[in-house]
Amino acid sequence: MATLATTTAMAQQIQYPKAAKDGTVDEYFGVKVADPYRWLENDTSAQTAAWVEAENKVTNAYLEKIPFRQKLLKRLQQVVNYDTSSAPSKHHGKWYVSGRTGLQNQSVIYQMDELGGPQRVFLDPNALSTDGTVALKSLSFSHNGKWAAYSISRSGSDWEEFFVIDLKTGQLTSDHILWAKFSGAAWQGDGFYYSAYDAPEQGKEFSNVNEVHKIYYHKIGTPQSADVLFYQNPSQPKRFYYADINEEETVMYLYEAGAGAGNNLFVRDLRQPDSQFIQMTSDMDFQYSPVLTMGDKLYLFTNYKAPRGRLMVTDLRHPGLNDWQELIPEQQHTLDGAAAVNGMLILTYNQDASDHAYVYDLDGRLRHQVTLPSVGSVGFSGKKDQPECFYSFTSFTQPGTIYRYDIANDKSTLYYAPKVAFRLDDFTSEQVFFQSKDGTRIPMFLTYKKGLKRNGRNPVYLYGYGGFNISLGPGFSASRIPFLEQGGIYAQVNLRGGGEYGEEWHLAGTKMQKQNVFDDFIAAAEWLISEGYTTKDRLAIVGGSNGGLLVGACMTQRPDLFRVAVPEVGVMDMLRYHRFTIGWNWASDYGTSEDSPEMFNYLRAYSPLHNLKPGTAYPATLVTTADHDDRVVPAHSFKFAATLQECHQGPNPVLIRIDTKAGHGGGKPLAKVLEEQADIYSFILYNMGVKFK
């Protein structure tokens, strides 16, 4: 069985691939910065492919020698093997749910004639590929009841393709749209609006910068070449544009985003022939989004002059921001969601990183709080003129469960609960608070097996994100179960940069305050040690995307504090991130190396790639990325891994796992997810010297 001595001996035998170095040097404000692995940015070159192959060979050889990896994978397959279901939604007299049966790679869309009636397959993404790597991104029904448009992604890429189903026959039409991105289908009549980019240069589909987002109108039954260009703004090539139309097709909204933490909103009255868009807002540092359209009355969410969010109302004839009236003012807690159901508004507030929901009438009067099953996360679904209302609920110890909700009587009835093959009652969850470096109070959830002792020896999987106003709420993941069964603790920390306490909390973790996020995460690790939950030899840090940046920054700033580090699909080169695909869109959180000497120096001071120091002993590290990741391009992880292997001195393995036919994570087939989780958890436990029982 694994001991630290055997894992150390195994790591010392690793021969890392030799990565060539070139003489690339960039100059920022008179400061020269070497980038010797620049060639790894070319993800389609033969030289990069050879390096990837060599790295995967080394990593796979290491992982295959972990004696319990197969046993852990088998246990993962057992605990994940259960059926799931979404809340039902109604469209043109039929009901639809999405769910996975057992170990299916992708969830299937089912149709029912009546609620709770027999289900038949409406759309099965598993049938779209032999290996489950085609995923459903969106599904949208035309308002006239004739069509449904759905978009797919291939191999985890952000690129989308649209197809159309004839609802009368259930058959696919000839319609097929390519190179859509960050788009839905906004229906008007027998066609829809979608957002796309020009077809990219061959060989650069997953790395080149995406510029000039365009909105097109597609009429059913016509080829994409006949689609009408509806909107573009070449003067602002690095912005997103997408359209939305209400069910009655009386009002059209246009969103503009990508130049701040929020968006601009435009509106157009479709009842007036040849009407033009009216600009409602003019500051993309704030969020503006419609919640409900009733005749001329527009209900809108915003965090403008209300960092924790509020609900406003205005008239379509006077849509400018100055004419908006406050309907439900900013509260003590952060407004996270608003749904219009059966003539009521259900507002969800984030209170210390968990959800609390309240019912209001359309005049903004509070009717009652919704009684939820426990501390957790909730999502409501229904329609403004439909009596049926459902919500999905999850917590760290409860998988996604569907309740039917009687709004008038605040009564929840269980509609669907998954049947799992393990004892949920064996596990418990608690919330703790600790102080960060500057005294800020930070919340953290701990989930573990009941009866856990604070003996300072428990394996800890410390997870965080801390960016882009994204809140981390309670949520269930069956893939954590084998780790918890081994006496592990899953710790999820709510760092600054997230949305848990509103826009002020978000801004406190951005640009020249980004170090707060890393300080919060480091303080969480130190607190877990000081409170007797664990020791640094049993502490692993994990995070993906912006969370991969978090792990990279913390392991370079405090290599002594962690036993294992797993930066997943991370942003590792903070000086060049904005030069790939849609990286420019993250400047509102990060700033860029071109902004000013101060911003350049600040980014360079924490950029994971630029803070690896020769001769340093780093934690056991498993960098993960994928060949089709066109959100955070693999070059970040490639350059970081090559530099880490060059600088690292010590007994710990420092490896990179490069997935194929996979992207940033969204839509990944279950089989691939389980393989990756088995690799990560076995790498963590093995390098902690934990014996897998």
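## Charges over rings

The charged end of Arg268 sits over the ring of Phe277, 5.8 Å from the ring centre. Arg480 lies over the face of Tyr490, at 3.9 Å from the ring centre. A charge sits over a ring if NZ of Lys or CZ of Arg is within 6 Å of the ring centre and within 35 degrees of the ring normal.

## Basis of the values

This is a predicted model, in which local features need pLDDT of at least 70 and side-chain atom pairs count only at pLDDT 80 or more, while totals for chains, interfaces and linings use all residues. Residues are numbered from 1 along each chain as its sequence is written, and side-chain values use heavy atoms, with hydrogens and water left out.

## Aromatic pairs

Rings of Phe, Tyr and Trp (its six-membered ring) pair if their centres lie within 6.5 Å; planes under 30 degrees apart count as stacked, over 60 as edge-to-face and the rest as tilted. The count by this rule is 51 aromatic pairs. One of them, Phe68 with Tyr686, is edge-to-face, at 6.3 Å centre to centre and 65° between the planes. This pair links distant parts of the chain, 618 residues apart: Phe68 is in the loop between helix H2 (46–64) and helix H3 (69–80), Tyr686 in helix H11 (residues 670–688). Helices (H or I, at least four residues) and strands (E, at least two) are DSSP runs, numbered from the N terminus.

Phe68 is buried, at 1% relative accessible area. Tyr686 is buried too, at 5%. Buried means under 20% relative accessible area, exposed over 50%, partly exposed in between (1.4 Å probe, protein chains only).

## A ring cluster

Ring pairs join Phe396, Phe445, Tyr461, Tyr463, Phe483, Tyr490 and Tyr681 into a cluster.
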